[in-house]
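Subject: Structure handover

Hi,

Here is the structure I promised to send over. Have a look at it first, and then read on for what turned up.

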Amino acid sequence: SAFISYRVASEKFHAALLYEVLNNTITPAGHRVIVYLDVKRLVKGQDWEQGFCLGLLNSLVAMPLLSRGMLEPLAELTGGADDREDNV
């Protein structure tokens, strides 16, 4: 299976498109591809961090989506106590 990691503010559309293209496809070896995308796999009311961890641990491939929209906010972080928390 594959885990898509993305920033909602800038990669939401691309993550959904990638999910639709890859999920349930068949590899050349005949294996069905299962894609983990949070909006498709997280169960409402359950701990989202645990859901992310299980999705990642059960995946063979992690696909981080990177873009300028994702990287620019990270460039502003200084490593100090005043930095806002970022889950990337």
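Two strands count as paired if DSSP finds at least two bridges between them. Helices (H or I, at least four residues) and strands (E, at least two) are DSSP runs, numbered from the N terminus. Please keep in mind that this is a predicted model, where local features need pLDDT of at least 70 and side-chain atom pairs count only at pLDDT 80 or more, while totals for chains, interfaces and linings use all residues. Residues are numbered from 1 along each chain as its sequence is written, and side-chain values use heavy atoms, with hydrogens and water left out.

First, the fold. The protein chain has four helices and three strands, arranged from the N terminus as β-α-β-α-α-β-α. The three strands form an open sheet in the order E2-E1-E3, with parallel pairing. Strands E2 (35-36) and E3 (61-64) are at the edges with a single partner strand each, so one side of each has no neighbour in the sheet. Strand E1 (residues 2-5) pairs with E3 in the parallel sense over four bridges; Ser5, for instance, has Pro64 in E3 as its bridge partner.

Helix H1 (residues 8-22) lies across E1, E2 and E3 and runs at about 165° to E1. That angle is taken between N-to-C directions on a scale from 0 to 180 degrees, using axes fitted to C-alpha atoms, for helices over the stretch in contact (heavy atoms within 4.5 Å).

Helix H1 also contains Phe13, which is exposed at a relative accessible area of 60%. For these labels, buried means under 20%, exposed over 50% and partly exposed in between (1.4 Å probe, protein chains only). Together with Leu17 and Val21, Phe13 makes a nonpolar surface patch of about 320 Å². Such a patch joins nonpolar side chains (Val, Leu, Ile, Met, Phe, Trp, Tyr) within 5 Å, from residues with over 30% relative accessible area and no salt bridge.

What about charges? The structure holds one salt bridge, meaning a side-chain nitrogen of Lys or Arg within 4 Å of a carboxyl oxygen of Asp or Glu. Glu20 and Lys40 form it, with the closest N and O atoms 3.7 Å apart. Glu20 is in helix H1 and Lys40 in helix H2 (residues 38-41), so the pair ties together parts 20 residues apart in sequence. Glu20 is exposed at 51% relative accessible area, whereas Lys40 is partly exposed at 45%.

Lastly, buried residues make up 24% of the 88 residues in the protein chain.

Best wishes

How values were computed: Patches are made of residues with over 30% relative accessible area and no salt bridge: like charges are joined within 9 Å, nonpolar side chains (Val, Leu, Ile, Met, Phe, Trp, Tyr) within 5 Å. Accessible areas come from the Shrake-Rupley method with a 1.4 Å probe; for residues, only the protein chains shown count as cover.
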